[in-house]
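This report describes selected local features of one protein chain. The sequence and the coordinates come first.

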Amino acid sequence: MENNRDTISRRAKTILVPMLAKAGYSVTTEVKDDDRRQGRDLETRLIIHTKGSGFVIRFVVTDLLGAPVSKIDRALKRCAREYLEDIVPCHKNEAALNSLADYETIRHRIFIRLQDPDLHPEFKEGFPARLVMDSQMLAVYRVAMNEQAGQNLVSAAISTDILKLWQITEEQLWEQALENLKREQPTFIHTLHVATSSNLRHPRLNLLRPGVGRLDPAATYLLCSGPVDRGRVALNGARAVLNDATLEKIGRLLGEDYFILPSSIHEVMITGTSPFVSLEKGARAMKQTVEDANARTVSEKDLLSYKVFRYDRRKKEIVRAA
C-alpha cells in the first residue's frame, strides 16, 4: 500500500506544480513531518520552494493523510491559489528589484527582518545575513518595494548575487540597514493589554517617550517599531531589538534585567526578571509562554522563534535564556 505522504507528494507534482508553472513559477515540493512545534504533536506539511529565491511556504496537510485522491486534489488546487495570492506580488517586485542595479536608488529602503536560523535554514546560504541575539537569530536583509520602508507591505530578500551587483560589502549593507532603522519612526513599547485591544479609547502610549519614570517589572510589554493601530502593530517590528539605545533605556526604566520573548516577526514581548524566584524558573516559564503563543495565536508566516532571551544590563547585551 502506497505511503500516505507519497500519495500527497505525487499529487502535488501532478496538480500543484503544473498550476504554478502555468503561472510562470518554477517550484519544487516536499512533504515531511515538521517538528517546529517543539515536542508537541508533529504536523505533516507540504513545503513549496520557489527556485532562485528565498521564498518558502508551508501548508499543513496532516488532515489529508489517508484522504481520497479527490479530496487531496481539491486541497492542492486551493493551496496553489493561496500560494499565488501570497507570492505573486513578492515575485513581481523581486523582478523589479533585479532590474534596479543602482544601489544608491534604493539604499534607503533596505531593512532587516529577524529570522530563526533553526526554523529558516533557507537563509543560511545564498543570502547575506548576520548572526545576532547571542548568535541565535539571523538578521536577513530585504528591500521594501514601497517608499515607506517601515511598512514593507511587499519586499524582496537581498541575495548574495544582488550584493555583488551592487558592488558593496556585507559590512556596508549592515551599516546601511542600521542607519535606516534609526531613521524610522521611534520604537514604541505598549502594555500588552493596550497593544492587543481593538478599543480605540485605550491610550496608545509610547512608554519610551521622554518623561516616563519607571516601567513595572511584573507587567508584560510589547516592543515594536511603530504605534499600535486598532490592535495591530507595525510590520516587521521585532528588529527594534537591534537598537542598543532602546534596549538600554528599557533596562533603566525597569531597573533590572528583562526577558525578551520573540512573539513574532512584528514585535517582541518584554517582562522583568525580578518577579521570578530564579532566572532558570523564569526562563522556563517564558519558554512555555512562547510555545503556547506560537501554537495558538501566531500565524505560520509571522512565526519568529521558540527561543527566549534575556537582556543583561551589566554587559549591555542580549543572551540566550532558554
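Gly-282 is placed in helix H8, residues 279-296; helices (H or I, at least four residues) and strands (E, at least two) are DSSP runs, numbered from the N terminus. The model is predicted, so local features need pLDDT of at least 70 and side-chain atom pairs count only at pLDDT 80 or more, while totals for chains, interfaces and linings use all residues. Residue numbers start from 1 along each chain as its sequence is written, and side-chain values use heavy atoms, with hydrogens and water left out.

Gly-282 has a relative accessible area of 0% and is therefore buried (buried is under 20%, exposed over 50%, partly exposed in between, with a 1.4 Å probe and protein chains only). Leaving aside neighbours within four places in sequence, Gly-282 is in contact with Phe-259 and Phe-276, contact being heavy atoms within 4.5 Å. The C-alpha atom of Gly-282 lies 9.5 Å from that of Ala-322, 40 residues apart along the chain.

**Nonpolar cores**

A nonpolar core is a set of buried Ala, Val, Leu, Ile, Met, Phe, Trp, Tyr and Cys residues joined through side-chain atoms within 4.5 Å.

| Core | Number of residues | Residues named |
|---|---|---|
| Largest | 46 residues | Leu-114, Trp-166 and Ile-260, with the most contacts inside it |

In the largest core, helix H5 (residues 170-183) gives the most, with five residues. Residues touched by Ile-260, not counting those up to four places away in sequence, include Met-133, Val-241, Val-308 and Tyr-311.

**Helix H7**

Helix H7 spans residues 244-254, and its residues Thr-246, Leu-247, Ile-250, Gly-251, Leu-253 and Leu-254 are buried. They lie on the same side of H7 because they cover an arc of only 165° around the axis, taken from the directions from the helix axis to the C-beta atoms. Asp-244, Ala-245 and Arg-252 are exposed on the other side. The cover over the buried residues of H7 includes strands E8 (188-191) and E10 (258-261). At the N-terminal end, Asn-243 caps H7, with a side-chain oxygen 3.2 Å from the backbone nitrogen of Ala-245.

Terms used:
Polar contact = N/O pair within 3.5 Å; in protein donor to acceptor, adjacent residues only side chain to side chain.
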